[in-house]
Amino acid sequence: MKKNKRGTILVENVIFIVLNILFLTILILFLYRQGNGAVIFEQSYAKNIALLIDSAKPITEMKLNMEDAFKLAEKNGIDRKDIVKINGNVVTVKLSDKGGYEYSFFNDVEVTTYPDVPSENNYIIKINNYN
Amino acid sequence: MGIINNKRGDKILSVYWFAVLLIIAGGIFGMVYVFYGTPYDVREIEARVLTNQIADCISYTGRINSNLILNGAVVENNNFLEQCHLTFDSTEWEEEQFYFYVEMYRLQDLDKSFLEIEEGNLNLAVSCSVQENKEQENLATCLKDSFYSLDDANNQYVIKILTAVRKAEKNVKI
């Protein structure tokens, strides 16, 4: 009887501890994924780039460090040159194959964007002229 | 009897602990979802940048743009948006998301403006008057600023600028 009782207590405790560890692991993974999600980065970089363009005058070249974005894009199979696109006065940042995030700017300028040399983790934003 | 009671107590305790864990997990999931689901609100910065652009266009290095005021007189037929290299149309939005209102006063007559320029979505002007009483995130973010400048004939002016940026759907959780 005593042996059985001890066995039951041990199994219950082990299950309880395993479930607790499982629960904590899922929680930590959820928090990590939320903080490093493509949606968050896409929004942050698109707004950042739009505000940079709004503040800039023609004949300006800006280098924006996008190390986190490059890592995420590589993981999701997105080419570096396809990350930032400018269509008219709308910036689109795409870090996954789910469409990307758009944000518009009001400065009526002609902008070109392209990634820096592969060894650098920058994106180059070039303000050429007023439209 | 005592042993049976203890066993029941243990089971109840385990269930209670799991219930507590589930409640905590629910709370954390909810908080994280709300935190990361709320967009970054950059409208105040955008309104500040727009105000600076307009101010630079009206008066660069302290002198009023001669396309606006020449020898103390207003130059007619201004296409202000084009002159200041601003574009409020966008494929992203059906309606314009920006508005600004500029008033220019002569320093000797601050009661009556002698030049007013208004561009963008006029409906946003209403948001600014509502915002004055109580801040509403869903409405446009408004910013007021003023500065002093001189024209080519050294006449003195006070320029007041009101800017409004809407873009609520992209900056506030609605």
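Trainee: What share of the contacts in chain B with a separation of 6 or more comes from residues 24 or more positions apart?

Mentor: Two residues are in contact if their C-beta atoms, placed from the backbone, lie within 7 Å. In chain B, residues 24 or more positions apart account for 64% of the contacts with a separation of 6 or more. For chain A the corresponding share is 57%. This is a predicted model, in which local features need pLDDT of at least 70 and side-chain atom pairs count only at pLDDT 80 or more, while totals for chains, interfaces and linings use all residues. Residues are numbered from 1 along each chain as its sequence is written, and chains are lettered from A and ligands numbered from 1 in the order in which they are written.

Trainee: How many helices and strands are there in chain B?

Mentor: Helices (H or I, at least four residues) and strands (E, at least two) are DSSP runs, numbered from the N terminus. Chain B has five helices and eight strands, and from the N terminus on its elements run α-α-β-β-β-β-α-β-β-α-β-β-α. The radius of gyration of chain B is 28 Å, well over the 16 Å that the globule rule gives for 174 residues, so chain B is more spread out than a compact globule. That radius is taken over C-alpha atoms, and the globule rule is 2.2 Å times the number of residues to the power 0.38. Along the principal axes, the C-alpha atoms of chain B fill a box of roughly 105 × 35 × 30 Å.

Trainee: Which domains does the assignment give for chain B?

Mentor: Domain bounds come from an automatic or database domain assignment. For chain B they give domain 1 (1-37) and domain 2 (43-171), with 57 Å between the two centres, taken over C-alpha atoms. Chain A is divided into domain 1 (1-35) and domain 2 (38-130), and 45 Å separate their centres, again over C-alpha atoms.

Trainee: What is the pattern of elements along chain A?

Mentor: The pattern is α-α-β-α-β-β-β-β-β, which comes to three helices and six strands. With a radius of gyration of 24 Å, well over the 14 Å from the globule rule for 131 residues, chain A is more spread out than a compact globule. Its C-alpha trace spans about 90 × 30 × 20 Å along the principal axes.

Trainee: Which residues of H2(B) are buried?

Mentor: A residue is buried if 20 or more other C-beta atoms lie within 10 Å of its own, exposed if 12 or fewer, and partly exposed in between, with C-beta atoms placed from the backbone. In H2(B) the buried residues include Arg43(B), Glu46(B), Val49(B), Leu50(B) and Ile54(B). Over the chains, buried residues make up 26% of the 174 residues in chain B and 27% of the 131 residues of chain A.

Trainee: How many residues does each chain bring to the contact?

Mentor: The contact takes 24 residues from chain B and 24 residues from chain A. On the side of chain B that touches chain A, helix H1 (2-37) and helix H2 (43-58) each supply at least two residues. H1(B) gives the most to that side, with seven residues.

Trainee: What ipTM does the predictor give the complex?

Mentor: The predictor gives an ipTM of 0.83 and a pTM of 0.83.
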